[in-house]
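This report looks at a few parts of one protein model. Please keep the sequence and the structure in view while reading.

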Amino acid sequence: MNSSEKLPLNTNGKVIASTASDLTSPRSLSKDRENLGRYNTLVALLEVPFMYKWLVLGCLCFGTAVGVLALVFWPKQYQSEARLLVKVGRANVSLDPTATTGAALMSLQKTQQEEIATALEVLKSREIAEQVVSALGQDVVLSGQLPGADPSVSEQASRSAIAEMVVDGKKVVSGWVNGLAMQMGMKEALGPHELAVRRVHGSVTSHSPRGSAVIVITGKAGNPEMAQRLVREVSSGFMEEHLKGTHTKGSFDFFSRQVRLAENGLEHVVSNRAEFMTKQDVVSIPSSRELLQSEMAGVTRDLAVADGQYQQTVAEIRDLKTRLAATDNEVISEKLQASDNTWSGMRQQFYELELEEQRLSATLAPEHPRLKRIRSLLQGARGILDDFDSERIDQSTTINPIKLQLVESLNEKETLAVGLQSMVTAYENQRAKLIVDGASLLEKERRLNKMDRDVAMITGTLLSMQAKLEEARVKQELYSSKFSNAHVFQKATLVERPVSPDKKILGAGFVVLGLAVGLFLAFVKAGANSLFYLRTPHDVEKHLGVPVIAKVPRMKSKRRGGNTQDTNYHRVCADLMAELCVSEHLNDDRCGRSIGVIGVEVDAGASTLAIQLAHTSAKDCKLRTVLVDADSRRRSISKAFGLNGAPGLVELLEGASPDECLQKEGEAGLELISSAAESCTQTISCSASTVDQALQTYLRDCDLLIVDLPAASQPDRTVALTQYLDYVVVVVESERTRSDAAKRFVNRISASRAEVIGVALTKSRHYLPKLIRSFVPVS
């Protein structure tokens with residue numbers, strides 16, 4: 001056997017036996033501890049509606065009653081419906097002179113979606129509502145009654161007398177609220193006409209089913225006749241506005257004027273062109289251009305030839321002039337050689353200068369001026385003599401015949417050049433004249449081309465205007481015949497069955513609303529209670545920080561004497577005692593342990609828990625157990641066992657013998673100490689230490705001393721006895737004990753030497769039905 005599975009021993013060293021097989025089963029203890037220590041949040045949430053079921057049911061019944069009243073008094077609404085088929089065709093192509101005329105024509109063919117969207121916008125326009133108000137009258141629209149209709153017939157089918165009173169009261173309240181809002185500046189005052197237009201806008205709607213060319217017009221009113229009349233007037237107004245929208249007023253007259261203007265313009269341009277050709281003597285621009293081109297080609301060719309000949313002649317003239325310059329004018333016919341007298345004279349003077357130079361050189365210095373001048377003259381004379389020959393040759397000349405021939409050829413070429421230059425000049429003048437004529441021809445051609453373009457443009461405009469004129473004529477005929485691409489294939493219906501209120505939806509809505517409000521209030525109340533009161537083990541462990549060692553359900557039956565307990569209550573106490581036995585609190589060699597059982601509030605079930613623990617300890621665990629009733633005010637244990645005649649704790653404190661105060665109960669071996677004798681009216685007034693000293697006598701002879709203490713909320717000094725006990729079990733009543741009071745008490749006990757084993761949660765209830773609990777696992 002493992003140490004963890006060691007069985008507890010009594011004072012005689014015997015193994016403690018249990019009559020309940022699951023008390024010492026580790027598997028059962030583990031399962032019970034898990035059930036006591038953990039809380040299922042899902043179960044808690046599901047329990048809230050059942051916990052406050054009367055609140056939920058009350059809200060549900062109230063919502064149902066309000067729904068029934070709403071079905072009785074809710075104003076009835078009747079609906080009429082008309083359907084239009086909108087096709088895309090010629091009738092919806094508008095001829096707008098400002099958009100479809102000109103050089104660039106716009107494509108006005110609409111798609112089906114565009115046509116449907118346009119029709120819907122027309123139906124939603126204020127103009128349609130204005131026409132409906134004008135047709136019916138603002139008083140009729142606001143009152144909802146057609147003129148001449150019998151209210152007893154139209155209204156009797158839709159409203160009862162009480163419903164009529166409700167509607168009238170609603171109108172009075174609405175008028176009072178609107179008047180108050182206008183006085184406060186939150187709403188502007190509106191006239192009857194504006195109110196009627198708004199009423200039409202709010203009563204009539206239109207839409208088109210997706211992917212179809214059908215428009216559905218729906219109208220609602222207080223009686224079927226009024227709904228039908230509203231839809232009929234809206235349909236008629238739409239058809240009229242649709243015809244106006246597809247017809248451009250004045251288009252036929254406009255295109256007629258444009259055709260006349262185009263014809264006059266064409267006639268004027270053609271006349272100007274003919275007059276211009278007559279004045280300019282132009283038959284045909286292409287023929288004149290060909291003639292001018294041929295003349296220009298001939299002149300250009302002749303000019304090129306003449307210029308080439310002229311250039312060749314000029315070149316020959318330059319060559320002749322070069323040859324003439326290189327040819328001598330005369331040629332030598334006879335040549336005679338003889339001595340030159342001039343040279344001989346100059347030679348004599350040169351000799352004399354040489355002699356003078358030699359004479360002066362002998363007598364004068366080299367730098368002497370006379371010597372330098374003689375030497376200069378001598379040098380100049382020497383240069384002159386070198387240039388002259390000493391002999392002279394006499395020649396006889398005659399005219400050069402070659403040069404005569406060259407001069408004659410030069411004269412001929414110059415004469416030819418002058419003639420060729422005159423020809424080149426004449427050809428150039430002729431060519432310049434042809435160029436001027438060509439420019440003039442180009443200007444004439446440009447002006448004629450412009451006139452031709454004007455003719456073509458005006459002709460195109462004329463043809464276009466004629467086509468538009470024909471289209472305008474067709475559109476005018478269509479408008480006069482009231483042809484349209486919109487067709488009312490279903491006229492406004494007269495349905496005598498109201499469409500609102502929907503009884504099923506309205507009734508179900510109020511029922512669901514009542515249920516939702518009930519659940520909301522239940523969860524709000526449960527959330528508020530969880531903040532201030534302890535209901536579940538999760539709340540206890542969250543607020544107190546102490547584990548829950550026992551969760552005692554509310555007892556179904558309670559019999560005096562404590563011999564017969566509720567089965568579930570007995571099981572919880574047995575599990576708690578088994579928990580204490582296998583834990584370190586009682587599983588040691590020491591004996592005479594004291595356990596105090598104290599409730600935070602009065603009637604929390606602490607005395608009942610103490611009795612059950614004592615029975616389980618003595619009968620099932622075979623421990624020598626002493627149960628002490630320390631609550632001298634309520635004396636719950638004494639009354640439960642009928643011990644009012646025997647002395648008790650009060651007498652013990654006053655000096656009575658311990659054996660006289662100790663009484664045995666049944667065959668289980670349970671020993672009891674009452675609070676006081678029946679004739680004693682005193683309460684325990686001594687200190688807690690004195691009571692502890694009196695109880696020490698019993699601790700030496702027993703295994704377990706269980707003390708039932710007064711509630712912590714009572715002004716009793718015996719409560720302080722918890723400081724002298726070994727262990728304390730705090731009893732908390734579910735849904736009644738406040739969390740702050742329990743927390744203060746647990747903190748006060750924890751500050752003393754006593755050890756708080758845990759908290760016993762008593763009188764807990766399962767609000768969730770068993771059938772639902774079987775499907776919700778405990779986490």
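## A strand pair in the sheet

Val626 stands opposite Leu705 in β12. The strands β9 (residues 625-629) and β12 (residues 704-708) run parallel and are joined by five bridges. Two strands count as paired if DSSP finds at least two bridges between them. Strands and helices here are DSSP runs numbered from the N terminus, with at least two residues (E) for a strand and at least four (H or I) for a helix. Strands of a sheet pair through backbone hydrogen bonds, either parallel or antiparallel.

This is a predicted model, in which local features need pLDDT of at least 70 and side-chain atom pairs count only at pLDDT 80 or more, while totals for chains, interfaces and linings use all residues. Residues are numbered from 1 along each chain as its sequence is written, and side-chain values use heavy atoms, without hydrogens and water.

## The whole sheet and its helices

The open sheet has eight strands in the order β7-β14-β13-β8-β12-β9-β11-β10, with mixed pairing. Because β7 (548-553) and β10 (663-665) at the edges each have a single partner strand, one side of each is left without a neighbour in the sheet. On average, neighbouring strands are turned by 25 degrees against each other, direction ignored.

Helix α24 (residues 688-699) lies across β8, β9, β11 and β12, at about 145 degrees to β12. Helix α20 (residues 606-620) runs at about 165 degrees to β12 and lies across strands including β7, β8 and β9. The angles run from 0 to 180 degrees between N-to-C directions, with axes fitted as lines to C-alpha atoms, for helices over the stretch in contact. Contact means heavy atoms within 4.5 Å.

Where is Ser235 found? Ser235 is in helix α11 (residues 224-246). Its relative accessible area is 7%, so Ser235 is buried. Buried means under 20% relative accessible area, exposed over 50%, and partly exposed in between (1.4 Å probe, protein chains only). Leaving aside neighbours within four places in sequence, Ser235 is in contact with Ala82, Leu84 and Ile217.

Helix α6 (residues 126-136) has the buried residues Ile128, Ala129, Glu130, Val132, Val133 and Leu136. Their cover includes α5 (112-124), α7 (138-143), α10 (192-203) and α11. Just after α6, Gly137 takes a positive phi of about 100 degrees.

## An exposed residue

Leu771 lies in helix α26. Leu771 counts as exposed because its relative accessibility is 61%.
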